[in-house]
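Biologist: I would like to learn to read a model feature by feature. Where do we begin?

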Amino acid sequence: MVEFDELAERFRASHAVLVAARERLQAAVDAGTASDDQQKRLETVKELLTPVTVSETDADGNVVEVQRPRQFYSVDPEGQGRAVEVLGDLRNAKHIAVLVPGMGNSLDTFNGQADRGDLIRTEAGPDTAVVVWMDYDSPKNLLEAASQDAAIEAGPRLAAFLGEVDELKADDADVTLVTHSYGTDVGAQAVRAGARPKHLVMTGSPGIAKYVDEAADFVQPPTRLFTERAAGDYVSYSEWHGPDPANFPDAIRMATVDPRGEDPVSVHWHNEYYRENSEALRNIGRVIRGDLGSITTTNTSRSTETKLLLGASWGGPLNTVAGMASKVYDGVVALTKPSKESAGAAAGQPTAGRPPDGAGRGANGAGRGANGAGRGSEGRRR
């Protein structure tokens with residue numbers, strides 16, 4: 001096992017990177033030469049440097065609240081920006097979740113993803129650590145998201161990071177990879193590259209590939225696939241990148257609403273899977289802590305979901321729009337990719353049938369995240 005001091009040194013080094021960025025950006029602001037983007041980045045860096053209040057146990061066994069710097073495993077304040085933050089005690093946790101956001105994110109939106117990570121950690125319960133992995137250039141818009149290039153580039157690096165987590169964590173700790181939207185494509189590429197988390201959770205997925213229509217096409221044992229699709233999630237309905245994983249026959253599709261009708265909050269559309277007190281978040285927490293017997297499941301179709309959400313008069317037309325969106329995506333891909341065969345070659349995968357097993361973990365070392373999500377309903381105390 002890697003010594004804890006090495007992990008602590010990573011946190012210190014990342015803190016120093018942020019301090020240097022703050023000083024450089026502040027100097028530009030003071031000199032009147034800073035651009036709007038630089039001024040915005042300065043505010044972001046200041047937020048990332050703000051200490052957090054956490055509960056710890058002192059030498060006498062008493063729980064006390066202390067302030068400490070945030071724990072960034074890596075951070076890059078340049079350009080779009082990247083960051084990997086550890087929430088909790090990665091070395092001693094019994095359960096670890098790695099959260100991979102989707103499109104529309106940058107370092108300037110990272111705090112919203114960190115708040116989402118906090119909600120996941122609270123829901124999963126004690127002895128849980130969450131890593132927010134935004135170590136790739138997530139697509140900025142729908143045109144960029146039409147290409148899977150960013151996911152193909154990021155997947156092996158995520159696999160390498162998960163290999164590092166295996167070295168850092170306790171031997172009996174389990175790892176769950178939690179992915180959202182375009183992040184599900186990144187997660188799929190990671191397991192193709194050899195990552196073997198115990199659980200893989202996909203929420204609001206646009207699909208993995210046109211030829212992938214079951215979990216066995218890309219997930220290898222011992223990993224198990226869990227999916228969620230909320231009513232009205234037209235990212236999933238459009239199936240831009242391939243068949244919706246929520247429909248895979250060998251995946252466990254979790255409910256996003258309480259089957260007893262006792263939901264304190266609703267979960268609809270594309271960005272509500274991680275709402276506090278929702279059945280969608282409760283099920284994610286159950287997967288992370290291994291409480292699989294308590295998971296609630298569903299098998300509703302998209303036509304049923306839209307009718308329940310919007311009524312029969314709107315459900316049909318909006319499903320038609322989803323189908324049209326998929327065709328538009330195919331047209332965009334045709335413009336950005338010469339052929340299906342070349343797309344498969346770029347990913348290092350066959351263009352039809354079942355892809356081969358992953359080629360093993362990537363090299364050691366983390367490089368440099370989400371559907372644009374604002375802060376959770378309750379952020380961390382800072």
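**Backbone, sheet, helix, cavity**

Biologist: Is Ser181 buried or exposed?

Modeller: Ser181 counts as buried because its relative accessibility is 4%. Buried means under 20% relative accessible area, exposed over 50%, and partly exposed in between, with a 1.4 Å probe and protein chains only. Bear in mind that this is a predicted model: local features need pLDDT of at least 70, side-chain atom pairs count only at pLDDT 80 or more, and totals for chains, interfaces and linings use all residues. Residues are numbered from 1 along each chain as its sequence is written, and side-chain values use heavy atoms, without hydrogens and water.

Biologist: What is phi at Ser181?

Modeller: First the general idea. Most residues other than glycine have a negative phi, and most peptide bonds are trans. Ser181 has a phi near 55°, a positive value in a residue other than glycine. Ser181 sits in the loop between strand S7 (174-180) and helix H6 (182-192). Helices (H or I, at least four residues) and strands (E, at least two) are DSSP runs, numbered from the N terminus. Trp269 is not a glycine either, and its phi is positive at about 60°. Trp269 belongs to the loop between strand S10 (252-253) and helix H8 (279-289). Trp269 counts as partly exposed because its relative accessibility is 39%.

Biologist: Which residues does a cis peptide bond join?

Modeller: Pro221 and Pro222, with omega about 10°. Pro222 lies in the loop between strand S8 (199-203) and strand S9 (224-228).

Biologist: What is the strand order of the open sheet?

Modeller: Strands of a sheet pair through backbone hydrogen bonds, either parallel or antiparallel. Here two strands pair if DSSP finds at least two bridges between them. The open sheet has eight strands in the order S3-S4-S6-S5-S7-S8-S9-S10, with mixed pairing. Strand S3 (71-76) and S10 stand at the edges with a single partner strand each, so one side of each has no neighbour in the sheet. S8 and S9 pair in the parallel sense over five bridges, and His199 stands opposite Arg224 in S9. S9 and S10 also run parallel, joined by two bridges. There, Thr227 stands opposite Arg253 in S10. Four of the five residues of S9 are buried.

Biologist: Which strands does H8 lie across?

Modeller: H8 lies across S5, S6, S7, S8 and S9, at about 150° to S7. Axes are lines fitted to C-alpha atoms, for helices over the stretch in contact (heavy atoms within 4.5 Å). Angles run from 0 to 180 degrees between N-to-C directions. H8 is largely enclosed by the rest of the structure because ten of its eleven residues are buried. Those buried residues pack against S5, H3, S6, S7, S8 and S9. Just after H8, Gly290 takes a positive phi of about 80°.

Biologist: Which residues line the largest cavity?

Modeller: On a 1 Å grid over the protein atoms alone, a cavity is a set of points where a 1.4 Å probe fits but cannot get out, and lining residues have an atom within 4 Å of a point. The lining includes His15, Leu18, Leu48, Thr50, Arg70 and Phe72. Helix H1 (4-31) and helix H2 (36-49) each supply at least two lining residues. The volume is about 50 Å³, taken as the space filled by probe spheres set on the points, which are joined across faces, edges and corners.

Notes. 1 Å grid on protein atoms, 1.4 Å probe; cavity = no way out; pocket = protein on both sides within 12 Å on 5 of 7 lines; lining within 4 Å.
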